[in-house]
Amino acid sequence: MISDDVIYFLELKQDLVFKRINRKDYMYYIENCKSFASKIYEMYKDEDIVSILKNHGFEIVEIYDDGNKKSPYVLYSEIIFFDKDRKVNIYINDLKKKLDLISEDIKDIDLNFLINLCIAHEFYHFLEIEYDIYIQKYLKKVKGILFKSKVNACSEICAIEFSKLFTNSKVNPKYMDYISLIKSGYIDYTYLKEAENELYNICK
């Protein structure tokens with residue numbers, strides 16, 4: 001199985017400023033995100049996060065349409081954070097398809113577990129917005145031609161790590177997404193192995 005660090009390295013690579021990040025700083029961002037998410041988890045590990053969301057005006061909405069059939073990158077959940085429209089949308093049919101694709105490789109999970117992963121993930125984003133605790137504000141900014149930029153992918157890394165910890169998942173949630181993509185034929189496993197080798201060669 002691919003390590004969490006490789007999964008988070010792939011998240012970093014999707015950031016618009018990735019090419020300007022010093023190679024020596026890849027693990028700096030990954031480790032700081034993991035540490036920050038762990039601290040947030042420790043604060044909320046015994047809390048009823050659904051009740052917290054509801055107390056802040058959010059509705060958990062299960063949506064059963066087919067979503068975007070053309071794109072391999074499926075939206076499984078999202079948080080809507082307007083004053084008069086606060087929702088956490090969970091796309092059930094897409095989660096069911098994901099479960100069908102990954103259940104052979106990843107054991108002991110069910111639809112309920114995937115829903116809880118989504119809620120935990122969006123709860124972390126709720127905390128970011130509500131309390132302005134975006135991790136990228138506190139980390140090194142990347143030098144550009146005119147100004148320095150934050151590494152915004154760090155937000156997603158933290159949300160993934162938090163959801164993994166909160167649900168006590170044995171498998172990284174993003175790894176589940178990659179297995180789904182592999183099973184669907186959009187990528188193959190070499191995509192993950194190449195990232196693993198790249199990060200290993202940088203860190204060795």
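What you're looking at is a predicted model, where local features need pLDDT of at least 70, side-chain atom pairs count only at pLDDT 80 or more, and totals for chains, interfaces and linings use all residues. Residues are numbered from 1 along each chain as its sequence is written, and side-chain values use heavy atoms, with hydrogens and water left out.

Let's start with strands β2 (residues 77-82) and β3 (residues 85-91), which pair in the antiparallel sense over six bridges. Strands here are DSSP runs of E with at least two residues, helices are runs of H or I with at least four, and both are numbered from the N terminus; two strands pair if DSSP finds at least two bridges between them. A hairpin through two residues joins β2 to β3. Across the pair, F81 stands opposite R86 in β3.

R86 counts as buried, because its relative accessibility is 17% (buried means under 20% relative accessible area, exposed over 50%, partly exposed in between, using a 1.4 Å probe and protein chains only). E130 forms a salt bridge with R86, with the closest N and O atoms 3.9 Å apart. E130 sits in helix α5 and R86 in strand β3, so this pair ties together parts 44 residues apart in sequence. E130 is partly exposed, at 30% relative accessibility.

A salt bridge here is a side-chain nitrogen of Lys or Arg within 4 Å of a carboxyl oxygen of Asp or Glu, and the structure holds 12 of them. One of them joins the side chains of K174 and E11 (3.4 Å, N to O). That pair links distant parts of the chain, with K174 in helix α7 (residues 173-184) and E11 in helix α1 (residues 4-13), 163 residues apart. E11 is buried, at 5% relative accessibility.

Now for two loop residues. D108, in the loop between α4 (92-102) and α5, has a phi near 60°, a positive value in a residue other than glycine. Most residues other than glycine have a negative phi. D108 counts as exposed because its relative accessibility is 76%. D132, in the loop between α5 and β4, also has a positive phi, near 50°, and is partly exposed at 39%.

K141 is found in the loop between α5 (111-131) and β4 (142-143), and is partly exposed at 38% relative accessibility.
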